[in-house]
Amino acid sequence: MHPLFSLLPPLLRAQLCTLPPEVQTSLCEIRLRGGAPIYLKTAKACGFLKEGALASSPKDAFVVSPRLLKDAFFALCRDSVQQVEEELRQGFFTVPGGHRIGVYGALLVQNGEVRGFCAPSSLVIRLAHEVCGAASAILHRCYAGTLSSVLLYGPPGSGKTTLLRDLAAQLSAGCGGQPVQVAVLDERGELAALQEGKPRFSLGPCTDVYALCPKGIALEMALRAGAPELLVCDEIGAANEEEALLLSGMAAGVAVAASAHAASFDGLLKRPLLRRLWEAKIFDYYLLLNQGRVREIRQAEGRVIP
Amino acid sequence: MNPPSLGTVCGFLLAVGIGFWQGEVPLRRSALLAAYEVFLARLTTELLYAPATGELLASLAADPACAPLLFLPRCLEAWKTLPLHAAWEQALAETPLPLTVQERGWFALPGRVLGQCPAEEQRQTFSRLRQSVAQAADAARQSALGKAKLFRMLGVLGGFAWLIVWW
């Protein structure tokens, strides 16, 4: 049984356990909607859950009742909304194992600020994966002899986090030469998924983790405390001045491997912070990802490398 | 004068026993409400630090000041297989509580609120609830001793009445 299933209510768990083990382990996404069938996505296929298989038609598929959806929401946050309310304001929270739970529903807004959810109407469970060797291609092209700064970008679900994780693991293990001292700034608890002080995912022998801390603060602490050679952080791009300044300040010494949401290089440059970072030439390489693969590599100036 | 029969002595003891047993009810109710007030006060304070609900309930269940709240350990046990709201309801239903209907409603409320909304909302709800419980606990404390004495006395008097009639 996939470890995430143990967090779900028994009825949902029983439904998902009807899937063959190989499908369970390759699950990428589970979409639960109140009054609708369960929609599943694996690396190779997608469809509605029907009698232990993926069906293209929702007819006769198991339907998630609104009550069951609510139970699933509270079970996933272990009946502790107070622990995830800050994350929920951004529309998601992370559960042990680094899996991300996106939440849709009626929002509670006060003075223009999201305070929480009145009732969830859908849950999008994105399962974290560890793919050993996923970053091998990047290592050969971007880390041959030098420690470069790279920005991985792509649409949601393109494999940015998986690749960043493997990049940290491989460099930390000395796959590109000498072992690199890596500091992972895991603001959302997805990159390392710390459990009792130990990363759930393999991040290599020379990796230190700051978890569940705003990137700006963690960055400052990592630079002061650990003298890292490479900083790894997920999903930069929020209009956060502190983050931008700190990232710019790092240009002198420490390499950075980060990820950002953007479907294209032009889209990337439309985001103010990312544009500033590009103008400051913080990153040596920009890598466009799609479906877990590197589709395009650009140099700091924006020129595509053939 | 003949000694009293075994039945007469048993009747006397039964009446006295019932009086003392009934005398314990207001004392237990008072202790229960006082413990619940402490529970709500600690809950309101602890929620400032947004702890996990499981850890919070476990620490409160182990707190000697909350010992009269026998439904707490039962709720933690039931929570392993049920959602929290259902576990809370089940634990309350399984625990005999000498409470009025309104007080039962107060005891049921955390099951529907704890861990189900942002911390500040929970704190406000528990803070308001605590005020009502504090008033009821005060009133219960003041009347508990008097009622306990009355029930015990009635038990003893009933026992003597039984002796007079049957001896």
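Predicted model: local features only at pLDDT ≥ 70, side-chain atom pairs only at ≥ 80, totals over all residues.
Figure 1. Counting contacts instead, 13 residues of chain A touch 19 residues of chain B.

**Figure 2. The second largest pocket, with residues from both chains.** This pocket holds about 570 Å³ of space. Its lining has 25 residues, and the ones nearest the centre are Ala75(A) and Asp79(A) from one chain, plus Trp79(B), Lys80(B) and Leu82(B) from the other. Two or more lining residues come from each of α1 (10-16) and α3 (66-76) of chain A, and likewise from each of α2 (53-61) and α4 (84-94) of chain B. The largest share, three residues, belongs to α3(A). Sort the lining by class and you get 12 nonpolar, seven polar and six charged residues.

**Figure 3. The largest pocket.** Here the volume is about 1,000 Å³. A set of 35 residues lines the pocket, and Cys28(A), Gly157(A), Ser158(A), Gly159(A) and Thr162(A) sit nearest its centre. In chain A, β1 (27-33), β3 (39-42), β8 (99-110) and α6 (160-172) each put at least two residues into the lining. α6(A) gives the largest share, with five. The lining splits into 11 nonpolar, 14 polar and 10 charged residues.

Figure 4. Around it you'll find Leu185(A), Asp186(A), Glu187(A), Arg188(A), Glu190(A), Lys215(A) and Asp234(A). By class, that's six charged residues, one nonpolar and no polar.

**Figure 5. An eight-strand sheet in chain A, and a helix packed on it.** To find your way across this open sheet, follow the order β14-β11-β15-β16-β10-β17-β18-β19; the pairing is mixed. At the edges are β14 (207-211) and β19 (304-305), each of which pairs on one side only. Helix α7 (residues 215-225) of chain A packs on the sheet, where it touches β11 (182-186), β14 and β15 (230-233), and its direction makes about 160° with that of β11(A).

Figure 6. Strand β17 (residues 285-290) of chain A pairs with β10 (residues 150-154) of chain A in the parallel sense, over four bridges. There, Leu151(A) stands opposite Tyr286(A). β17(A) also runs antiparallel to β18 (residues 293-299) of chain A, joined to it by six bridges. In β18(A), Tyr286(A) has Arg298(A) as its bridge partner.

**Figure 7. Two hairpins, each with a positive phi.** The hairpin of β17(A) and β18(A) has two residues between the strands, and Gln291(A) takes a positive phi near 50° there. In the hairpin of β18(A) and β19(A), four residues lie between the strands, and Gly302(A) has a positive phi near 105°. β18(A) and β19(A) pair in the antiparallel sense over two bridges, and Ile297(A) has Ile305(A) as its bridge partner in β19(A).

Definitions and conventions. Residues numbered from 1 in each chain as written. Chains lettered and ligands numbered in written order. Heavy atoms only, no water. 1 Å grid on protein atoms, 1.4 Å probe; cavity = no way out; pocket = protein on both sides within 12 Å on 5 of 7 lines; lining within 4 Å. Points joined across faces, edges and corners; volume = space filled by probe spheres on them. Nonpolar A, V, L, I, M, F, W, Y, C, P; charged D, E, K, R; others polar. Pairing = 2+ DSSP bridges. Contact = heavy atoms within 4.5 Å. Axes fitted to C-alpha atoms, helices over the stretch in contact; angles between N-to-C directions.
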